[in-house]
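Subject: The structure, and what turned up in it

Hello,

Here is the structure I promised to pass on. Have a look at it first, and then read on for what was found.

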Amino acid sequence: MIDLHCHLDGAITVLTAKKLAEIQNIRLPFENDEELESLLSVPESCESLTEFLKCFALPLTLLQTKEGITEAVKLILDEKAEEGMKYIELRFAPQLHCERGLSQEDAVLAALEGLKGSKVHCNLILCCMRGEKLTEKNLETVRLAKKYLVEDGGVVALDLAGAEALFKTENFALEFGEAKKLGVPFTIHSGEADGWQSVKTALDFGAVRIGHGVRAWQNEELLNYIEENNIVLEMCPNSNRQTKAVEDMNVYPLRKFLEMGIKVTVNTDDPAICRTTLKKEFDYLRKNYALTTEEEKQLLQNSIDGAFTSLSMKEKLRAYIG
């Protein structure tokens, strides 16, 4: 199992939240585990992206100290090991972890500490954030990505996350121009809450992967470009369903992308919020889109091809898949 698109703050399960609260002496606002889970995840009846995004509030309160961030990474990776995960890329925005005195660099170092001794091979992606007046914070994130950039075993790439429809991708040319100049590879959330033009802009910036990208189906020329240039799409079916990124899952474009030869991958996005695992994602695809064993292998091969990791690690993953 390989997950290229998983958010740190969206992977805080009930068990992890309780452990993080205990070690940091934080009182959680719940009466029982069911109530806590309702604060950490969306129900099947999730109505909108707005409702979905509310679930990040509580996890972020638990990720404001070095100890909290380090322990969260360790606990998440322990859970992923139990699920059979072999490789995962965790992404987070350092600027969101500075409410109690940490610097962005402190947050990055704390996450790196959490990788040590893990049974799952994990790399980190640092997220810039969409929003107003965040340019300086985002540029600091870009510089940190460059400072700690490695081929494998640490920070391997950059991303842009947040409210895509409100804060257009085109407004972040400065950040990704700097990333390109510094040689930092990047993926960008695009084509999730905004149209195909957002994907095109991300590719024009130099993105080699696209987070979600489901709305790329709206433009055939763009799809052909994606296929011809081996652009990897990080698709997250249950997240797309719950956030209403795709209103009618009967026309979910994953099969169209597969049939075109596009390097589409399957990921969890926010596994705790979505109440999902990678196994559940594949189960969903088998049940609803008649995904075959050969197609499943192709999706995993696509993940290996697109992973921000070393060639030697990719060979190990190919041997595992084989």
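Let me begin with Thr201, which is buried, with a relative accessible area of 17%. On this scale, buried means under 20% relative accessible area, exposed means over 50%, and partly exposed is in between, using a 1.4 Å probe and protein chains only. Thr201 sits in helix H9; helices (H or I, at least four residues) and strands (E, at least two) are DSSP runs, numbered from the N terminus. Its contacts, leaving aside neighbours within four places in sequence, are with Thr169 and Glu170, where contact means heavy atoms within 4.5 Å.

Before you go further, please note that this is a predicted model: local features need pLDDT of at least 70, side-chain atom pairs count only at pLDDT 80 or more, and totals for chains, interfaces and linings use all residues. Residues are numbered from 1 along each chain as its sequence is written, and side-chain values use heavy atoms, with hydrogens and water left out.

**H9 and its partner**

What does H9 pack against? Helix H9 (residues 196–205) packs with helix H10 (residues 220–228) at an angle of about 35 degrees, and their axes are 10 Å apart. The axes here are lines fitted to C-alpha atoms, for helices over the stretch in contact, and angles run from 0 to 180 degrees between N-to-C directions. The crossing of H9 with H10 is left-handed, a term for the near helix being turned anticlockwise from the far one by less than a right angle; clockwise would be right-handed. From H9, the residues involved are Trp196, Val199, Lys200 and Leu203, and they meet Leu222, Tyr225 and Ile226 of H10. Sorted by class, this contact has six nonpolar, no polar and one charged residues. In that count, Ala, Val, Leu, Ile, Met, Phe, Trp, Tyr, Cys and Pro are nonpolar, Asp, Glu, Lys and Arg are charged, and the others, Gly among them, are polar.

Asn229 counts as partly exposed, at 38% relative accessibility.

**The cores**

The largest nonpolar core has 90 residues, and those with the most contacts inside it are Leu90, Leu124, Leu158, Phe176 and Ile226. Helix H5 (residues 66–82) gives this core its largest share, six residues. Apart from it lies another core of six residues, including Phe52, Cys55, Phe56 and Cys274. A nonpolar core here is a set of buried Ala, Val, Leu, Ile, Met, Phe, Trp, Tyr and Cys residues joined through side-chain atoms within 4.5 Å.

Phe176 is in contact with Leu158, Asp159, Leu160, Phe186, Ile188 and Phe205, leaving aside its neighbours within four places in sequence. One of those, Asp159, is found in strand E4 (residues 155–161). Is Asp159 buried or exposed? Asp159 is buried, with a relative accessible area of 0%. The Asp159 side chain also makes a polar contact with the side chain of His189, at 2.9 Å. A polar contact is a pair of N or O atoms within 3.5 Å; within protein, one must be able to donate a hydrogen and the other to accept it, and residues adjacent in sequence count only if both atoms are side-chain atoms.

**Towards the two ends of the chain**

Thr13 has its place in the loop between strand E1 (2–7) and helix H1 (14–24), and is partly exposed at a relative accessible area of 24%. The side chain of Thr13 makes a polar contact with that of Thr16 (3.2 Å). Not counting residues up to four places away in sequence, Thr13 touches Leu40, Glu79 and Ala272.

Ile304, in helix H15 (residues 293–306), is buried with a relative accessible area of 0%. Leaving aside neighbours within four places in sequence, Ile304 is in contact with Ile2, Lys314, Leu317, Arg318 and Ile321.

**Two loop residues to look at**

Asn25 has a positive phi of about 55 degrees although it is not a glycine, and is exposed, with a relative accessible area of 74%. Lys133, in the loop between strand E3 (121–129) and helix H7 (135–147), also has a positive phi, near 55 degrees. Lys133 counts as exposed at 84% relative accessibility.

Best wishes
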